[in-house]
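Welcome to this short tour.

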Amino acid sequence: MIRLIKKIFKMKSPALQIGDIAPDFKAQTTEGVINFHEWIGDSYAMLFSHPKDFTPVCSTELSRTAALKSEFDKRNTKIMGLSVDSLEDHERWQEDITDVATLCKGESVNFPLIADKDKKISELYGMIHPGELDNLTIRSVFIVGPDKKVKLSMTYPASTGRNFDEILRTLDSIQLTAQHKVATPVDWKSGDDCIIIPSLSDEEAKEFFVNGWKTIKSYFRLVPDPSKK
Ligand code: BEZ
């Protein structure tokens with residue numbers, strides 16, 4: 001009903017923002033029916049869309065993500081893909097993805113793919129951008145935390161395959177900064193120096209960073225990666 005009203009009045013849902021609760025849904029997937037929030041449980045999750053089955057860039061992305069699954073596991077992060085294709089197409093296409101694995105340091109798909117034929121989930125998450133691709137999902141990524149809140153969203157055009165190593169790097173930062181009073185600088189990688197969050201006064205910082213810090217500017221204080229102690 002709400003979808004119909006929105007369609008008639010050409011109303012757009014506001015875009016999902018970081019900090020919003022990721023909408024819950026029940027989906028048909030290649031691993032059975034999944035209730036999103038229940039499936040996430042106490043983990044993090046990466047929900048990502050691709051435009052279409054049986055297309056080359058999408059094949060490389062899914063294959064590469066499958067090869068990185070152990071890295072997502074290490075970060076307590078579940079993976080779920082989505083497109084508006086059917087379950088039957090997803091199942092047939094997975095054989096092709098296995099065939100192209102050697103081209104992209106990939107593997108056979110080892111995570112659920114949502115068959116969002118009626119586009120309910122794509123619309124809920126704003127994954128269809130008609131100016132780029134009419135009626136198909138573009139390349140969206142949502143990282144959702146155990147609290148079910150959106151921690152990151154990324155949008156790539158259909159013609160550009162994503163770099164899932166960058167998503168792992170971002171996950172490292174998200175998980176570190178959820179635990180410690182730091183932010184991570186440009187191009188940071190796990191183990192590199194971090195920045196004490198500017199809202200923490202020097203007096204307060206002494207409590208958390210007993211070994212002190214290196215002051216670059218009054219607002220710019222560097223500490224070793226606190227997760228590597
Ligand atoms: C691809 O996955 O190859 C692709 C999909 C949609 C548009 C362009 C490329």
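A residue counts as near a molecule when one of its heavy atoms lies within 4 Å of it. Select the ligand and you will find P51, T55, P56, V57, C58, R139 and A158 around it. This is a predicted model, where local features need pLDDT of at least 70, side-chain atom pairs count only at pLDDT 80 or more, and totals for chains, interfaces and linings use all residues. Residues are numbered from 1 along each chain as its sequence is written, and side-chain values use heavy atoms, with hydrogens and water left out.

Next, color the shell by residue type: five of its residues are nonpolar, one is polar and one is charged. Now highlight helix α3, residues 56–67, which gives three residues to the shell, the largest share.

Zoom in on the polar contacts (pairs of N or O atoms within 3.5 Å). At T55, a polar side-chain atom sits 3.0 Å from a ligand oxygen atom. At V57, look for a polar backbone atom 2.7 Å from an oxygen atom of the ligand. At R139, a polar side-chain atom is 3.1 Å from an oxygen atom of the ligand. The ligand taken alone exposes 260 Å², and the protein buries 76% of that (Shrake-Rupley method, 1.4 Å probe).

Finally, zoom out to the chain. Switch to a cartoon view to see eight helices and 11 strands (DSSP runs of H or I with at least four residues for helices, of E with at least two for strands). The C-alpha atoms fill a box of roughly 60 × 45 × 30 Å along the principal axes.

How values were computed. A polar contact is a pair of N or O atoms within 3.5 Å; within protein, one must be able to donate a hydrogen and the other to accept it, and residues adjacent in sequence count only if both atoms are side-chain atoms. Ala, Val, Leu, Ile, Met, Phe, Trp, Tyr, Cys and Pro count as nonpolar, Asp, Glu, Lys and Arg as charged, and the others, Gly among them, as polar.
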